[in-house]
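The sequence and the structure are shown below.

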Amino acid sequence: MLAELKGIKKSYGAFQLDVTMQLEEGRITGVVGKNGAGKSTTFKAMLGLIHTEGGTMRLLGQDGPIDSPKRKQQVGVVLSGSTFCGALTGKQVCGIMESLYDAFDRNWFQEQCRRLAIPLDRKITEFSTGMRAKLKVLLALSYKARLLILDEPTAGLDVVARETILDLLRSYMEQEGRGILISSHILSELADLCTSIGVINGGVMVQQGKLENIMLAIDSSNPLRITVLNQVPKALELLRQDPQVSRLSVDENKIAAWFSGSREEEAYLLQKLVDAGILVVSFAREHNSLESLFFHLTGETEQKSRNTETFGNTIG
């Protein structure tokens, strides 16, 4: 276990953080939540950047936040709004990183900067927003940390640069024993990248687990849509016999079956219909998106989210 938080508490006026979560080795865990939900506050608590008011945490095999120079060697960090002094050049940043991190790989870092068009001879203050975002991610990856804590790391990037960064994160995870904790307001990005997800709302982690399992639980409320060309009564009979089918509706040759089984059990059900001589034209369940999961767990509506700019990065 790379990280385990139990009841971590922090208050800012009316805001109350009370978070319990886990991060396992070999997993990329995404954290989603609206503005002020507690995402950034949780990350800062893990890094010892704020004083917590209760709870316990165990990170990288030791109790307490990551606040010692030795432990910081094992953690790569991107925080919104944080960067090196703008008067420094990229080359000067290299020198600072070499003095701070024993495993800093100058050759890899410089090669990636060339690949991503980051000019090492220019001052950071002259960088575009996208250049600064790419620089921060490359620095976090440059010293072979076991754990990455990334708060909105792709903010300000265009589509091509964002995908390049995501590919770097996937490559980073090819080595065993590593993990990533990442937040993003681009939920489709997290859905493509992450193997587990945590939804934080009002300072509380309302759901965490494998993304596939959580989505399956939400998807189970959607019926299987089955279209057959023959033997509709026989198809209905077979479906009624399955204990995981709770309800059926039919419109001519189109059947809706509320089925609570897994994806593998869906495939078995389809095979059972085919083996019975039923010509199945279509057999599919409407799958919810990560956005739908977020709205479901937080009680938000999609329209309300758009009107109030739900996804972003402020105090949370």
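## The largest pocket

Strand E6 supplies the largest share of the lining of the largest pocket, namely 4 residues. That pocket has a volume of about 590 Å³. Among the 21 residues of its lining, Val 75, Val 77, Val 78, Tyr 101 and Tyr 143 are the closest to its centre. At least two lining residues each come from helix H2 (69-72), strand E6 (75-78), helix H3 (90-100) and helix H5 (129-141).

Helices (H or I, at least four residues) and strands (E, at least two) are DSSP runs numbered from the N terminus. A pocket is an open set of points on a 1 Å grid over the protein atoms alone, where a 1.4 Å probe fits and where protein lies on both sides within 12 Å along at least five of seven lines; lining residues have an atom within 4 Å of a point. The volume is the space filled by probe spheres set on the points, which are joined across faces, edges and corners.

## Basis of the model

The model is predicted: local features need pLDDT of at least 70 and side-chain atom pairs count only at pLDDT 80 or more, whereas totals for chains, interfaces and linings use all residues. Residues are numbered from 1 along each chain as its sequence is written, and side-chain values use heavy atoms, with hydrogens and water left out.

## Cysteines

A disulfide is a covalent bond between the sulfur atoms of two cysteines. With the criterion of a pair of cysteine sulfur atoms within 2.5 Å, the count is 0 disulfides. Cys 94 takes part in no disulfide, and the nearest cysteine sulfur, that of Cys 113, is 6.5 Å away. This distance of 6.5 Å between the sulfur of Cys 113 and that of Cys 94 is too far for a bond.

Cys 94 is buried, at 0% relative accessibility, and Cys 113 is likewise buried, with a relative accessible area of 0%. Buried denotes under 20% relative accessible area, exposed over 50%, and partly exposed the range in between (1.4 Å probe, protein chains only).

## Salt bridges

Side chains of opposite charge can pair when their charged atoms come close. A salt bridge here is a side-chain nitrogen of Lys or Arg within 4 Å of a carboxyl oxygen of Asp or Glu, and the count comes to 14 salt bridges. One of them joins Glu 24 to Arg 27, with the closest N and O atoms 3.4 Å apart; Glu 24 is partly exposed, at 37% relative accessible area. Another links Asp 63 and Arg 58 at 2.8 Å, N to O. Asp 63 is exposed, with a relative accessible area of 59%, while Arg 58 is partly exposed at 40%.

Glu 163 and Arg 170 also form a salt bridge (3.1 Å, N to O). Shared partners join Glu 163, Asp 167 and Arg 170 into one network of salt bridges.

## Loops and surface

Asp 121 lies in the loop between helix H4 (106-115) and H5, and is exposed at 57% relative accessibility. Its C-alpha atom is separated by 9.4 Å from that of Leu 88, although the two residues are 33 residues apart along the chain.

Leu 279 is located in the loop between helix H10 (263-275) and strand E14 (280-285). Together with Leu 229 and Val 281, Leu 279 forms a nonpolar surface patch of about 310 Å² of accessible area.

Technical notes. Patches are made of residues with over 30% relative accessible area and no salt bridge: like charges are joined within 9 Å, nonpolar side chains (Val, Leu, Ile, Met, Phe, Trp, Tyr) within 5 Å. Accessible areas come from the Shrake-Rupley method with a 1.4 Å probe; for residues, only the protein chains shown count as cover.
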